[in-house]
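Reader: I would like to go through the terms used for this structure and ask what stands behind each one. Please show it first.

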Amino acid sequence: MKKRYLMYIAQNYSYAILRPLQHAILAQGGEVRWFLEGNEVNPAFLAPDEQVLATIGDVKAWQPDAVFVPGNVVPSFVPGIKVGVFHGFNAGKLNRRGREDHFEIRGCFDLYCTQGPDTTERFEQLAAEHGFFRVAQTGWPALDPLFTPEPNNPYLAPADPRPTVLMCSTFSRNLTCAPILFEKIKQLSQTGKWRWLIQFHPKMDQDIVDKYKSLAGEHLQFVETDNVIPLLQAADVMLCDTSSVLLMFLLQRKPVVTFCNQSPGEYLLDVTEVDAVEAALTEALQRPEALMAEIERYCQLIHPYSDGASSERVLQATNAMIADGRAGLKSKPLNLLRQFKMRKKLGYWKW
């Protein structure tokens, strides 16, 4: 009997995270359905051949064997093994409790598929501490296409010899560099020295988005997309803050300049003054030997896989848990308040 896998998403960027996994599932003869939670995910991004389950009732009737979730939470009343595949890397962001949000255990998942040794070790410690989930180091499905050249990349400009700078920024008000750097980006883009691509987190404040859109012209392109990988492949250097997308860029062995990064490391060129941005970008484009060695070391730590087969590893770990069930694990927390809020949000009150 074919196994059934549900893609449970709440943000547009989740499409690109889960599609490589969908490809692996279909290649193995499995079935895939999508469930779109809330109004921040746009159904227009669905491909014509992707099938949606419109309600939780439809999901329960379909009875998935496993549920893949790039977000932080998933309702306990959805059937199937709950698999956390993450919506990004650990960028060192702290939540309101002062803890690293990447490692916050919310009691929703049966299996975490981690990206590399640095997060695997911590999640294995948490698994031993809590006892109600398993951990498998698989790599991140979203990166499988990163290691395959995009033949029709719309962001490449082969006839333009200038270096390409990709600016990305998180939406968090205390972390985003976008409003602070606007005038500097405006000035640098007007010189025409570099070609600029600008892409922000989908939750970015609309006023900031509109300001950057106003800069669009022959030297700068503002991009709104659910798939950042072609952008990452097209750029020579990234300008960022504390967004986890910078780690995806680094995995191409390309340098990143950050502005007031919350957890700066030797693998980044971090600056804290607006006037230092241009010099840092110039240095990064020269790819200094010491910096590139630090980038290589860090890449081996966060995501040692460049074979484009992380989806297959996630699927293998998931199928193993489907076969074994939750044998040997404690019961997950009831999370009564969270589950009530999710029932209210989804309008589902059946038991």
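Author: Strand E7 (residues 164–169) runs beside E8 and pairs with E8 in the parallel sense over six bridges. The model is predicted, so to speak of local features a pLDDT of at least 70 is needed, and side-chain atom pairs count only at pLDDT 80 or more, while totals for chains, interfaces and linings use all residues. Residues are numbered from 1 along each chain as its sequence is written, and side-chain values use heavy atoms, with hydrogens and water left out.

Reader: What makes E7 and E8 a pair of strands?

Author: Two strands pair if DSSP finds at least two bridges between them. E7 and E8 have six bridges, so they pair by this rule. Leu166 stands opposite Leu197 in E8, and Thr164 has Arg195 in E8 as its bridge partner. The strands themselves are DSSP runs (E, at least two residues), as are the helices (H or I, at least four), and both are numbered from the N terminus.

Reader: How do you know that E8 and E9 pair?

Author: E8 and strand E9 (residues 220–222) share three bridges in the parallel sense, and the rule asks for at least two. Leu197 stands opposite Gln221 in E9.

Reader: Why is the unit of E7, helix H4 and E8 called right-handed?

Author: A crossover is right-handed if, with the strands pointing away from the viewer, the path from the first strand over the helix to the second runs clockwise. E7, helix H4 (residues 178–191) and E8 make a β-α-β unit of that hand. From E8 the chain crosses through helix H5 (residues 206–213) to E9, and this β-α-β crossover is also right-handed.

Reader: What makes E9 an edge strand, and in which order do the strands of the sheet come?

Author: Six strands form an open sheet with parallel pairing, in the order E9-E8-E7-E10-E11-E12. E9 and strand E12 (269–271) are the edge strands, since each pairs on one side only. Neighbouring strands of this sheet are turned by 20 degrees against each other on average, direction ignored; the axes are lines fitted to C-alpha atoms (for helices over the stretch in contact), with angles from 0 to 180 degrees between N-to-C directions.

Reader: Why is E8 called mostly covered?

Author: Buried means under 20% relative accessible area, exposed over 50%, and partly exposed in between (1.4 Å probe, protein chains only). In E8 (residues 195–200), six of its six residues are buried. Arg195, Leu197 and Gln199 are buried on one side, and Trp196, Ile198 and Phe200 on the other.

Reader: Why is Leu146 called buried?

Author: Leu146 has a relative accessible area of 6%, and is therefore buried. Leu146 sits in the loop between strand E6 (134–137) and E7.

Reader: How do you know that Asp275 and Lys184 form a salt bridge?

Author: A salt bridge is a side-chain nitrogen of Lys or Arg within 4 Å of a carboxyl oxygen of Asp or Glu. For Asp275 and Lys184 the N to O distance is 3.7 Å, so the pair counts. Asp275 is exposed at 66% relative accessible area, whereas Lys184 is buried at 10%.

Reader: How many salt bridges does the rule give, and what can be said of Arg253 and Glu296?

Author: The count comes to 13 salt bridges. In the one between Arg253 and Glu296, the closest N and O atoms are 2.8 Å apart. Arg253 lies in the loop between helix H7 (245–250) and strand E11 (256–259) and Glu296 in helix H9 (residues 289–302), so this pair ties together parts that are 43 residues apart in sequence. Arg253 is partly exposed, with a relative accessible area of 25%, and Glu296 is partly exposed at 31%.

Reader: Is Arg106 buried or exposed, and which residue is its salt-bridge partner?

Author: Arg106 has 16% relative accessibility and so counts as buried. Its partner is Asp101, with the closest N and O atoms 2.9 Å apart. Asp101, at 24% relative accessibility, counts as partly exposed.
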